Every structure is written in C-alpha cells, then in structure tokens.
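I opened the model to look at its cores and its domains. My notes follow.

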Amino acid sequence: MKANCWMGKNMMQVREVPDPQILNRRDAIVKITSTAICGSDLHLYHGVVPTMEKGDIIGHEFMGEIIEVGRDVSNLVVGDRVVVPFPIACGHCSACDVGLTSLCENSNPNSALAETIMGHSACGIYGYGHMTGGFAGGQAEMVRVPFADFGPFKVPDGVSDEQALFLSDILPTGYMGAEQCDIKPGQTVAVWGCGPVGQFAIASAYLLGASRVIAIDNVPYRLRMARERAGAITLNYDEIDDVPAALKELTGSRGPDACIDCVGMEAQGHGPMYAVDKVKMASKLQTDLPFALRQAILACRNGGVVSIVGVYVGMVDAFPIGSIMNRGLRIVTGQTHVHRYMQPLMNLIQQGRLDPTFIITHRMSLQDAPRGYEIFDNKLENCEKVVLTVS
Amino acid sequence: MREKQEPHEGSFQRFDRTASSYELHEVMHEDGASQDGRMQHGQRRSERGGDGGIATALPDTAAGRHYQPTPLRDPDQLVNSGIAWFSIMLGVTQIVAPDVLARLIGVRPSANTRTIMRAIGARAVATGFGLLSHTKSTPWLWTRFAGDVVDLSMLGTGIGRRADDRQRAARAALAVGGVAALDFYAASRNQRTERARLEANGFASPEETVSGPLTYDNAAARGGGAEAATPNGLRGVLGDDAFAATMAGSKKVRHAVTINRSAQELYEFWHDFENLPKFMRHLDQVTTQEGGRSHWVTRGPGGAKVEWDAEIVADVPNELIAWQSLPHADVRNAGTVRFIPVPGGRGTEVHVELDDMLPGGSLGAAVAKLFRSDPRHQVRDDLKAFKSVMEAGEILYANIAEKQQAERDDFRRAKSDAEMGEVRG
C-alpha cells in the first residue's frame with residue numbers, strides 16, 4: 001500500500017510499504033477514506049519530537065472502512081464506517097475505567113522509554129514516534145487499529161467524512177481545552193493559536209457559556225477565520241508589544257478568566273525573551289519553547305484557569321511558577337481523552353449546533369501529502385486544514 | 001435597565017463567611033470507620049508512640065512510620081569486597097614470597113624481615129576474610145587502617161642506605177599511604193552509613209519502620225490472614241531459618257505493578273504456574289505436578305533445554321505465593337508474589353520479589369546469559385505483560401517487526417500455536 005512516511009527533518013515521502021496485518025486478537029484493519037494533517041504532525045515534520053525513526057508512517061487523524069477484524073472483535077463487522085480516536089486505549093485499565101483514555105496503561109509497548117523521559121508513561125498514539133509506541137499512522141491507504149473493540153466510533157448514516165473526521169483528534173481536543181476551564185456563563189476566555197484546535201476551542205468556549213472569547217495569533221487569514229467563523233475578538237501579536245497588557249485592557253485589568261494554550265512547543269513571538277528562548281531551543285537547553293504558555297499564565301486573572309492542549313514533549317526553562325503559585329492559578333492539561341467526547345460531539349454535529357467543516361481549506365489526495373505539509377507548514381494559500389482523501 | 005445587576009442564575013455562588021457556606025469535606029473511610037473508630041486508631045498509635053500521638057485518621061498501617069528501603073545492592077559492598085580481595089592477595093604474596101616483596105620496597109631481606117613480612121601478611125589475609133564475611137564491615141576496615149599506619153612506621157625504620165633503596169622505600173610509602181587513605185575513606189564512609197541507618201530509626205522501634213510493600217490497614221482491603229501480607233510476610237510464613245536460607249547470598253530483584261483486577265483473580269491466575277510463560281517471556285513451559293511441585297523449562301542459547309523442578313513453599317489464598325527450586329535442581333531460584341488490594345476498589349498491587357537464578361554449574365551459567373543485562377528490566381517487563389494479560393486480555397505488539405522478532409525468538413517459537421494464540425492473538 002501507499003503511505004506517507006517521515007524521512008527526516010522537513011522530509012515526507014509517499015512510499016510503497018507492506019500492507020498492515022492483524023497482529024493481536026483485538027486488532028482491526030481499516031481501509032482509509034479520509035485522513036488529515038494535524039498541527040502536531042508539524043512538530044514531527046520539524047524534527048523536534050524525539051524518538052522518530054526514518055520511514056515511520058505518520059498520521060493520527062483518520063477514518064475509513066473496516067476490512068478485517070481480529071478474533072476478539074465482536075462489535076465491528078467488515079464494511080463498518082468508523083472514525084478512530086488518536087489515543088490507543090485498552091478500555092479495561094483503571095484509567096480507561098474512568099474515561100481517561102489518553103492515559104491508558106496498556107497501549108504503549110515502549111512505556112519504559114516514556115517513563116525514562118516523563119516519569120510515567122501515557123497511552124500509545126498512532127504515528128507519533130517511538131516514545132508513544134511506534135505504531136504506524138493513518139496517512140496511508142490502510143492502518144492497523146489495536147483494541148478495535150474499544151476505540152473506533154461508528155459513523156451514523158448521513159454524516160459525511162468531513163463532518164466526522166475531526167472527531168479523531170482536533171474537535172475533542174479543542175472542546176476539552178475549553179471544557180477543562182470550567183467556564184461559567186459570562187466569563188472571558190483567551191485562546192492562544194488560531195489553528196484548527198484553536199478555532200474549535202473558541203467555538204467550544206462559546207458553547208460552554210463564555211460571553212467573550214479573545215483569540216491571539218499573527219496570521220491574518222487565521223484571525224479572520226476566528227473572527228468570522230468562530231466569533232472571536234481577535235488580537236494580532238505582531239501589532240501589539242505586550243499581549244498580557246492588551247488582555248488587561250480588554251478585561252478591565254482583571255485578565256481573562258481562562259486562558260487556553262492551543263500553540264504548544266514551537267510557539268512564535270517577538271522580543272528579547274523570545275530570542276533567548278530560540279537560543280535555548282537551538283542549543284538544546286530546552287526541548288520546548290514556552291512563549292505562548294508564559295503569556296497565558298501571566299495574562300490569566302487571579303484564581304483563573306490555564307488550559308494547555310498544545311503539545312509539549314519535554315522540558316522548558318524560565319517557567320513562571322511564582323505567578324502560578326502566588327496568584328492561585330489552576331493548570332489543567334492532557335492529551336485528549338477522545339473516546340469520551342465522540343458521541344456527545346457527534347450529537348452536536350447531527351443537531352446542527354456544531355459544524356466542524358468550516359476549517360477545511362485544502363482537499364488533496366494522499367499522493368500529494370508532502371505538498372500538503374509544505375503548504376500547511378508555510379501557511380501558503382491561506383491554509384488552515386488539509387484533508388487527504390484516499391481513493 | 002435594572003438597578004442592581006443580578007448574577008447569572010447558578011453561575012456564581014457568593015461566599016458567605018458567617019454562614020459557613022464553605023464546607024469541609026468529611027472523608028469516610030471505606031471500612032465505615034466512624035469518628036470514634038478513628039479516634040481509637042489514633043489512640044492506639046499514641047500508645048505505641050508513648051507521648052501525645054495523633055488524633056486524626058491514619059488509614060494506612062505505614063502512616064507515621066519511617067520507610068526504609070531494603071537495599072538490593074549495598075553500594076559500600078563493592079568497595080569493601082575490592083579492598084578485601086586486595087588485602088588477601090597482598091597478604092598471600094607476603095606469606096609466600098616475603099623476600100621478593102622486601103626487595104621491592106627497598107628493605108634488605110633477613111630472617112627478621114621475613115618473620116615481620118609473614119606476620120603482616122597473615123594480618124592482611126585475616127582482615128580480608130573478615131571483610132568478606134559480610135558481618136560488620138566498619139571494625140575490619142579500621143583494623144586495616146591501623147595496620148597501614150603500623151606498616152608505614154616500620155617502613156621508616158627498615159630502609160636500607162643505598163639511594164635506590166630509598167627511592168623504592170619512598171614509592172612503597174606512597175603506595176601504603178594511598179591504601180591507608182582508601183581504607184580510611186571506606187571505614188569512615190561505612191561508619192557514616194551505619195550511623196545514618198541507626199539515626200533514621202533512632203526515634204522508632206523496629207516495628208515502627210517499614211520496608212518492602214506497604215500494606216493498608218483497611219478492613220475492606222483485607223481478606224483475612226493479614227499476617228502473611230505484612231512486610232516480611234515471607235519470613236513470617238517460612239520461619240526465620242528457612243527465610244534466611246532462601247535469601248542468603250541472593251541476587252534479589254523487586255518490582256510492583258497495580259492491576260485493575262481483584263486480588264482473587266490475580267492470585268488464581270498466578271497460582272496456576274502453567275500460566276506463567278504467558279507473561280514471563282524467558283519461560284518456555286511450566287507443568288504443574290502433585291503437591292505444589294512444578295517443572296520449569298526454558299531454553300539456552302542454541303536451543304538447548306534447561307529444566308528444573310520447583311515447589312510452592314508458602315501459599316496464602318488471594319494474598320501470597322512463594323516458590324523455590326528443589327535442592328537438587330541445576331538452577332536455583334526463589335520467588336514471592338504478594339497481592340495487596342488497594343483501598344477504594346482501585347485495583348490490586350502486585351509485588352514480586354525474585355531471588356534470581358544463581359549459577360549452578362555450566363547450565364546455570366547458560367541460563368544466566370539468557371537474561372538481559374539488568375534482571376530488574378526483566379521483572380518490570382514481565383509484570384507489565386501480566387498487567388496487560390489480566391486487563392486488556394493480550395500483550396500489544398507495536399508493529400509487525402516486533403511480532404516477527406518475537407517469533408524468531410527461540411522460546412516463543414517453542415511454544416505451541418495454541419498457547420500463543422490464547423494470549424497473543
């Protein structure tokens with residue numbers, strides 16, 4: 001089959017690879033119909049996520065048709081149309097028992113490696129390096145889905161691929177980013193990053209009762225989308241020296257009640273602090289660049305919530321812990337527990353209260369995936385989201 | 001416009017100091033211990049502690065105790081045994097070839113030097129064996145240091161007059177001085193460690209320190225026969241002598257994992273030793289026999305079978321299983337597994353202690369090679385696999401390469417398809 005493979009820094013290549021096989025009894029094989037390039041795939045693309053190996057198949061947002069099931073998969077049959085959550089979860093450990101599926105204790109075969117780096121291991125993830133298991137990803141014609149009796153979500157009739165696809169990651173991720181802020185009606189929420197997750201976080205914050213959502217980015221067309229499609233008040237950090245000061249002004253000096261970081265480890269910005277961060281990244285003094293997160297912390301109101309859903313992988317330097325402690329901030333974060341959001345969010349989609357398709361700007365074939373990365377990464381052609389279709 | 005802005009309904013709850021609107025969460029323990037019950041608990045503790053005591057709830061038997069991990073490998077021990085062997089070797093040389101050594105240090109051999117040299121040698125051999133005996137190291141090390149000082153002073157008196165004799169003597173003094181410094185360092189380090197251990201326990205009697213798995217003092221978590229599940233449970237079951245015999249000179253590895261299943265389910269699965277190869281990757285097959293005996297098969301490099309018999313030496317339903325190889329076995333090993341329910345229905349802690357295979361002839365050495373460099377990794381991986389089997393019903397392969405690797409593996413290939421299928425799909 002054909003698959004999009006990571007061949008090194010800024011190098012993707014669609015290659016002929018062996019077809020996936022059933023390896024465990026709870027596996028299924030999915031023939032992919034639609035898959036997407038995630039913002040977090042760009043971290044892989046840039047070579048800043050550790051434990052990637054040349055030839056790894058990328059992709060953790062995908063959906064398609066069941067073409068084979070293992071002996072222990074009784075709830076799926078060949079021909080079922082499913083969308084697959086990016087965290088691999090067994091459904092039976094104590095984390096899965098309480099719905100924290102991204103913390104599954106049985107889905108990362110390389111947990112020892114993750115423990116070395118993070119203290120404890122989290123779940124396995126498709127196509128996201130070997131620290132998260134080294135599973136083949138879904139930017140391919142077919143993919144093996146472990147624990148298929150627990151993960152895949154059957155797509156109801158009448159719902160299109162484009163409506164359902166983002167249930168695999170970014171829609172639940174944006175939603176969880178807002179949900180874990182415990183938003184009360186009337187509150188002001190600030191969202192860093194107007195990529196797809198940021199757009200969904202803005203929309204979710206409104207769904208959860210926020211009266212104002214302020215979005216921060218520097219890409220004009222993304223700010224326009226946040227304004228026009230998601231309803232945010234937008235703020236371009238290229239035009240403003242001091243983002244926390246601007247947020248103070250917008251909130252009567254109080255600061256946003258909740259701040260959501262939808263940027264993650266490769267934040268961009270201006271000023272001497274940002275330059276210092278870049279130097280630290282380049283010299284490997286830190287693995288992650290916490291520029292947006294630092295702003296989110298400093299801007300948040302006293303006793304407010306800082307929600308982190310942008311991806312971080314390692315260590316940061318100059319972390320404002322004094323601001324967090326003395327001002328009683330709450331940090332809430334995590335890889336998304338996708339499984340628990342799929343049905344409720346599908347309900348919203350079917351009721352017409354949420355249309356996740358507004359972010360799609362590019363539709364191309366799997367064959368063109370490398371070009372898709374180039375466009376998405378360089379924000380060419382006003383690119384917000386690339387959906388790859390497999391014929 | 002309204003004169004007074006009403007808060008959104010149900011959105012903000014106003015905090016009222018006078019009405020005690022903020023309630024402290026009263027924690028009820030799982031066994032339903034009332035306030036009285038918990039007071040009693042506190043009183044019991046205060047009686048033990050002698051003064052005052054704690055009146056709050058301490059649900060864990062380990063609460064208020066000092067945790068002292070039993071060292072798996074004493075870091076001092078390596079230095080000490082190095083010194084011991086050096087001491088013995090030098091001592092033997094001094095006894096066997098006193099003249100050679102005398103010349104080496106610039107002393108003219110005579111009947112007199114021979115006697116002194118042999119006496120020093122005997123002393124060195126004695127302290128070496130003393131150190132190796134693994135009883136208290138500190139006095140032996142100080143004895144060595146005192147000997148070094150005596151040697152140095154004797155060196156000063158016995159030097160010949162020739163220039164190269166003096167040179168040799170200077171070199172010898174430097175060498176002895178170096179050894180003295182090492183002895184001094186080791187002795188004082190040992191003394192410090194011993195004192196620290198004493199001080200750590202100084203405030204607590206031995207029963208107020210804990211080591212190994214911590215148990216929970218919780219009626220709901222305890223299923224009777226709690227004695228065996230306490231720390232040092234194996235000692236309790238086997239008796240002091242048998243315990244000492246099992247563990248003497250052993251190379252222990254320990255690991256623990258929490259599994260989202262009841263202690264009973266886990267105990268029952270483990271108790272059927274024929275299940276062990278399903279998650280202990282180095283094992284080929286285990287067959288159980290009458291009377292708690294079992295026959296274990298693994299494969300050496302090149303596919304040669306290595307077999308031994310073992311027997312269950314302690315068995316407390318749902319709590320503990322201990323086994324060890326039979327005395328005549330080529331391969332010696334012993335293991336204990338404890339199942340400790342976590343309060344609040346949060347699964348079961350599985351604590352495993354393996355007294356790893358000790359070399360028993362060439363077969364034993366071959367077996368030892370099978371294990372990865374760090375036996376702790378093997379126990380960790382095996383317990384992870386046990387958790388996967390019990391929770392997820394299978395051990396997940398990351399990719400085809402990993403499965404193929406497993407299939408190339410001698411031990412796994414040796415397993416029948418049916419057996420593999422049962423666990424691994």
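Which residues of α10(A) are buried? I found A:Phe291, A:Ala292, A:Leu293, A:Arg294, A:Gln295, A:Ala296, A:Ile297, A:Leu298 and A:Ala299. Buried means 20 or more other C-beta atoms, placed from the backbone, within 10 Å of a residue's own. Helices are DSSP runs of H or I, at least four residues, and strands are runs of E, at least two, numbered from the N terminus.

Conventions: this is a predicted model, where local features need pLDDT of at least 70, side-chain atom pairs count only at pLDDT 80 or more, and totals for chains, interfaces and linings use all residues. Residues are numbered from 1 along each chain as its sequence is written, and chains are lettered from A and ligands numbered from 1 in the order in which they are written.

Back to the helix. 9 of the 9 residues of α10(A) are buried, so this helix is largely enclosed by the rest of the structure. I checked its packing partners in chain A, among them β11 (188-192), α8 (243-250) and β14 (258-261).

Next, the cores (buried Ala, Val, Leu, Ile, Met, Phe, Trp, Tyr and Cys residues joined through C-beta atoms within 7 Å). The largest has 159 residues, and A:Val30 and A:Ile202 are among those touching the most other members. Its largest share, 7 residues, comes from helix α10 of chain A. A second, separate core has 8 residues, including B:Phe145.

Last, the domains. An automatic or database assignment gives chain A domain 1 (2-169 + 336-389) and domain 2 (173-333).

Note on methods. Buried ≥ 20, exposed ≤ 12 C-beta atoms within 10 Å, placed from the backbone. Contact = placed C-beta atoms within 7 Å.
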